[in-house]
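My entries follow in the order I made them.

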Amino acid sequence: MNTQQQENKYLMKTYKRYNVSVKKSKGQYVWDENGKKYLDFFSGISVCSFGHGNPAVISAIKKQLDLFVHCSNVYYSKPQVEVAKLLLDKSFKNGRVFLANTGAEANECAIKIARKWGSDNPLKDGTKRYEIIAFKNSFHGRTLATLAATGQEKFHTSFKPLQEKFVFAEFNNINSVKKLINKKTVAVIIELVQGEGGINVADKKFVKDLRKLCDDKNLLLICDEIQCGLARTGKTFAWQHYGIKPDIFTLAKAIANGLPLGAVVADKKVAEVFNYGDHGSTFGGNPVSCAAAVATLKLITPKLLKDISDKSKYFIKGLNELKNKYSCIKEIRNLGLLVGAELDFAGKDIVEFCIERGLLINCTQGNVLRFLPPFTITKKDIDKTIKILGDALKWQTLKK
């Protein structure tokens, strides 16, 4: 049996996979078991953002493997401290970090911090606050709590009753948020770019108004940067585009460039909320993952950020030229190299056409082509992508 046949026999049916069995990868390329080469414009859902097999990251992993692979969190671990320091140097000087394994776990931790803060800081009448406002079309994870915070009904089916006290506002609508605030509200959680939701970018005025509203009402602002963080948007963190600071932000995906790691970064307002035993993780902050993260974070330089912005502009220019040629492209949306092209038809066939031509992309929300290329792509790679997409849209047009 080949890999696909074995998968059908041994694994649960949780992923509807494309017809690609990966054998190896390097830089911006992936090869399948048949030796076919693909240009990767998906990078494992923004995980291998710094390129597959990045030499600096691989070197750090190998060095740590020779030292120790696991250390219980009842002992000290230098790689954890190094990751935390790098994150705080780039964000909150007086903050604190919790290290988890995944984005969902990071968001769970943020939710727990918010609720403990609300419990520890009741209103004058003794009311303890715990209700959290999220946004329609959001995605925060697949655990029961983060699923409850996800504003898409399709993910809720079959898993009800969900955890209570998450309510959903309209994205980019400050009045919608205001209407949902009550005396039990403790926080607002937002993706500044809704990735799975279709590459919906938050308006600058809306985010500034949201920060002010949270300040006025003494609410915490939590930014979910699982997909949009760590240089993806041309800034180290997406919130840096908006001239605000959240009270908490969460990271995962690209932080260790392929190894599992999540992080919660809390500013001084909530940095000391947890006491010993309030939260924990057996594998969170694994030393090998942390060593990879240290190497990854050191790759984020002003030069890299400028390079990402330049490549983004070049890519968007090419996509807009396709939009002008093919009316089936309704809108191009992006922040940096987090890019979506909304179609007026289902995008599944376009994705499969691109895969057949050696280009890996993704479709979300049924009709939004999603592009998350590694930062190692070149303008030549972008030109190739535009050419394949153009061929796909031409084929789709003729097929109609």
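Entry 1: Which residue in S10 is the bridge partner of Ile189? I found Ile222 as the bridge partner of Ile189. Before going on I noted the terms of the model: it is predicted, local features need pLDDT of at least 70, side-chain atom pairs count only at pLDDT 80 or more, and totals for chains, interfaces and linings use all residues. Residues are numbered from 1 along each chain as its sequence is written, and side-chain values use heavy atoms, with hydrogens and water left out.

Strand S7 (residues 185–190) and strand S10 (residues 220–224) run parallel and are joined by 4 bridges. Strands are DSSP runs of E with at least two residues, helices are runs of H or I with at least four, and both are numbered from the N terminus. Two strands count as paired if DSSP finds at least two bridges between them. S7 also runs parallel to strand S5 (residues 131–135), with 3 bridges; there Ile133 has Val188 as its bridge partner. I checked burial for S7: 6 of its 6 residues are buried. Buried means under 20% relative accessible area, exposed over 50%, and partly exposed in between, with a 1.4 Å probe and protein chains only.

**Entry 2: the open sheet.** I traced an open sheet of 4 strands with mixed pairing, in the order S1-S2-S3-S15. Strand S1 (22–26) and strand S15 (359–360) are at the edges with a single partner strand each, so one side of each has no neighbour in the sheet. Strands of a sheet pair through backbone hydrogen bonds, either parallel or antiparallel. I then went through the pairs:

- S1 and strand S2 (residues 29–32) are antiparallel over 4 bridges, and Lys24 is opposite Trp31.
- S2 and strand S3 (residues 37–40) are antiparallel with 3 bridges, and Val30 is opposite Tyr38.
- S3 and S15 are parallel with 2 bridges, and Leu39 has Leu359 as its bridge partner.

The hairpin of S2 and S3 has 4 residues between the strands, and Gly35 in it takes a positive phi near 90°.

**Entry 3: cores.** I looked for nonpolar cores, that is, sets of buried Ala, Val, Leu, Ile, Met, Phe, Trp, Tyr and Cys residues joined through side-chain atoms within 4.5 Å. The largest has 64 residues, of which Phe135, Ile190, Leu192, Leu210, Leu251 and Ile255 touch the most other members. Helix H9 (residues 287–298) gives the most to this core, 7 residues. Another core lies apart from it and has 34 residues, including Phe41, Phe315, Cys328 and Ile361.

I listed the contacts (heavy atoms within 4.5 Å) of Ile255. Leaving aside neighbours within four places in sequence, Ile255 is in contact with Leu87, Leu230, Leu261, Ala263, Ala292, Ala293 and Thr296.

**Entry 4: voids.** I ran a 1 Å grid over the protein atoms alone: a cavity is a set of points where a 1.4 Å probe fits but cannot get out, a pocket is an open set with protein on both sides within 12 Å along at least five of seven lines, and lining residues have an atom within 4 Å of a point. Grid points are joined across faces, edges and corners, and a volume is the space filled by probe spheres set on the points.

I found 1 cavity of 30 Å³ or more. The largest cavity has a volume of about 50 Å³, and its lining includes Leu319, Ile332, Phe371 and Leu393. By class that lining has 10 nonpolar, no polar and no charged residues. Nonpolar here takes in Ala, Val, Leu, Ile, Met, Phe, Trp, Tyr, Cys and Pro; Asp, Glu, Lys and Arg are charged, and the others, Gly among them, are polar.

The second largest pocket has a volume of about 1100 Å³. Of its 29 lining residues, Gln80, Val97, Phe98, Leu99 and Tyr276 are the closest to its centre. The lining divides into 18 nonpolar, 9 polar and 2 charged residues.

Entry 5: Most residues other than glycine have a negative phi, and most peptide bonds are trans. I noted these cases:

- Lys160 and Pro161 are joined by a cis peptide bond with omega about 5°.
- Ile199, not a glycine, has a positive phi of about 60° and is buried at 0% relative accessible area.
- Gln365, also not a glycine, has a positive phi of about 55° and is partly exposed at 28% relative accessibility.
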